[in-house]
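Reader: I would like to learn how to read helix packing and strand pairing from coordinates. Please take one case after another.

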Amino acid sequence: MSLILYLTTALLLLCLVHCFVRPVSKGAALVLLVIPMGLVGPALVTGDIYGPIDHLYQEVPFKASGPAVGIPFGARNASAIDIISEFFPWRRAVQASLQRGEWPLWNGYNLCGHPLASEAQSAPYSPFTLIACLLPAAVSLTYTAAMGLFLAALSAFLFARELDCGEVASLFAAAGWALSSSMVVYSLVAMGLTTVYMPLAFAATRRIVWRPGIASAAFLTVTLVLTTLQGHPESLFLNVLCASVYAVFELVRRRVAPWRAIGTAIAAGVVAVLLTAIFLLPILEAIPQSIEYHARSVLATAIHYGVPANQFLANLATDVFPHLHVRYWKQPQMGFIGVETAAVGSLVLAFAVYAVWRKRSAETWFFAVMALFCAIIGARWQPIVDALQHVPLMGITHHERLAFAAALSLVALAAFGVDTMFRRSDFHAASATLAGVFVFLATGIWWLSAHTQVMRTPADYGRYRRFSELFFLGATAVLLANARRARIVVPALLLLLVGQRWLAEGETFGTYPRELAFPSVPVFEAIKDVREPFRIVGRDGAFPPAYNTFYGFEDPRGYEALTYNAWSRTWKLWCVRRGIWFNRVEDLTTPFLSFLNVRYAIQADTLPVPPRWHTIATQPGALLMENEAVVDRIFVPARVIESTASPQELADRMAGIADFRELAYITSSRGTTDLENGPGRITLRSRSIGGRYTFDADMQRDGFVVISDTAWKGWRATIDDKRAMLYRANSAFLAVFVPAGHHTVRLRYLPRAFVIGRVISFAT
């Protein structure tokens, strides 16, 4: 099914491109279809999973079964943890929302609930996400990777054709961009899937400059819409920034009045914004509520984002010597170096060098300068990067991601080089250039091996890179030195490039049987029939958060693109915040953990059972426990204190509460008051994990009802079908004031920004 879905989608896109953008020959279409297959093909054909499933088996409760299914301890690609702990679960959350017939607005699975569409990277409105949701969630990421690599290839092909390169040179560019190191390593995440469109943005920009009009505006509009909906605003910004620089170059080069081209581009941008308002407006509403927003605001004032000279050189080295990519440096001691890289492989690099000295044109020099400048910024050279901190928007941008633009510039230069070689039959000069690059790389690899030491990964990820860099480069140099006819060189050149990149990047992710992804866990059988809402945590590193999404459980821990700022202030009451990844629970006896409706916990069987918990199920390596002091998801506290204190001050005051059923803080503007509350009885009638509650409240007296879901803007409440005001309880959670008597209360997460954006998008 994965293969059929991939071929159907890709062929449909090729037909649309052929009819509305630029003709594509059958041979070129076939090559574009095949480019992802060396990496993703085995999983597509078998219906298995392409992705970092090995990360799943590094922690309890899956760790004990790892060796039995052929997965040793230690994941091959350390940079892939985000994929298994964010993108796999997000896909399942989006799919579950669609299956419930709901808009993908709220994700109740983690962090006591958080916005799903508004955190952007789940890309719930991307057409390729919606198509992927036809497949089982874990399997759907195989389709996503294949489509991402195909779209990268198609985008680079169209850009090279727009640069007036022949089909062979354009296919060379397609393979070079799609199979570049960064595109492959980020082929399963929103950043990479947004960046794949960078060449398409350049192509649409060039067309608008040279042929402004409705057709060119439509081309740019579609490009911007697809890029936006892929869910990484920062990469969208970098795509637009780099394309704008390219537009200025083309406008200057054309030497005509620029106003029509500028007007066409602005019109396309406005239409794209209106079409994607359903996606953009909720993001803009959610961002200021997040801790990430406040952290980036602090980062924007920093003046030392650059790195020392030795680390800058190490970062830069990964662009030329990809075997250093995603490695820990032991000698010299510099820690983890470089996921973002401009590495495109020795063949692309060599043809880029050839283009610089054999095709002397304004475009050649532009891309050469852009490649160098973006590579330097991507390696975070301190003088330039620190200066960029003072440029609007650049101060909150990861500058190292401009390495992607450097990679694209090298790909464009390589396309020029291949095209020039074939047009002039300049095979011997090209061969000499490749031989020179071979000597340089071989010398560099020898020197680095003698003077540096990098740690090997558990599965020796990237072990074939040095061989592939030199062997295929040398073989191509020999081929060109003995070339007589282009008819023989063309297929051989493409095969050598694709073969090199497949071998170099083939171990980035593995292909695993579909049954290994989030398999059944024996201890969970004990709680599969529990109907009332509850949350579950893993103690220490056990059961990393978001894995719970595939089991239908909820976990207060999480690792998200946006995290509610007020919620983060409560972390010191129940967890330990780590520099990256999720907040870790070490003490299961904290009262706030009970308030969060944490009824169950899973831990290694070597740890003692804490007080007020008892074991309900065991399996090799793990045990499941139940909390005897858990607080219901919806409850009426015995007493409330209305307070104007800040979230930080409230967190300090709540540290002394032993039982949150006895006392809750309600954020109010009316000053500090201490009141008896209720009592009352709550009967839950229905509930959706997508952000809906319906419950009956039988209140003996007026009082607040507390719901331990985070109080992001967008929640709405009704009491007996009449709108009611919502409050914040215990700094970050929902509360509603219910009068005495019997009442039906409904809560729904439906942000106003989404409602407005939906109207704008559909109207447009």
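Predicted model: local features only at pLDDT ≥ 70, side-chain atom pairs only at ≥ 80, totals over all residues.

Reader: How do the axes of α7 and α20 run relative to each other?

Author: Start from the angle between the N-to-C directions, where over 145 degrees counts as roughly antiparallel. The axes of α7 (residues 167–178) and α20 (residues 403–424) cross at roughly 155° and come within 8 Å. The two helices are therefore roughly antiparallel, and their crossing is right-handed.

Reader: Which residues of α7 and α20 meet?

Author: From α7 there are V168, A169, F172, A173, G176 and W177. On the α20 side, the residues include F404, L408, V411, V418, D419 and F422. By class, this contact has 13 nonpolar residues, one polar and one charged.

Reader: What angle do α4 and α6 make?

Author: Apply the range of 65 to 115 degrees, which counts as roughly perpendicular. Helix α4 (residues 81–99) and helix α6 (residues 137–162) cross at roughly 110°, with axes within 9 Å, so they are roughly perpendicular to each other. The crossing is right-handed. F87, F88, R91, R92 and Q95 of α4 meet A137, A138, S140, L141 and T144 of α6. Those residues divide into five nonpolar, three polar and two charged.

Reader: What is the strand order in the open sheet?

Author: The order is β5-β4-β6, with antiparallel pairing. β5 (335–337) and β6 (453–454) each have a single partner strand, so one side of each lacks a neighbour in the sheet. Three bridges join β4 (residues 327–331) to β5, and R327 stands opposite I337 in β5.

Note on methods: Residues numbered from 1 in each chain as written. Heavy atoms only, no water. Axes fitted to C-alpha atoms, helices over the stretch in contact; angles between N-to-C directions. Helix = DSSP H or I, 4+ residues; strand = E, 2+ residues; numbered from the N terminus. Parallel < 35°, antiparallel > 145°, perpendicular 65-115°, else oblique. Left-handed = near helix turned anticlockwise from the far one by under 90°. Contact = heavy atoms within 4.5 Å. Nonpolar A, V, L, I, M, F, W, Y, C, P; charged D, E, K, R; others polar. Pairing = 2+ DSSP bridges.
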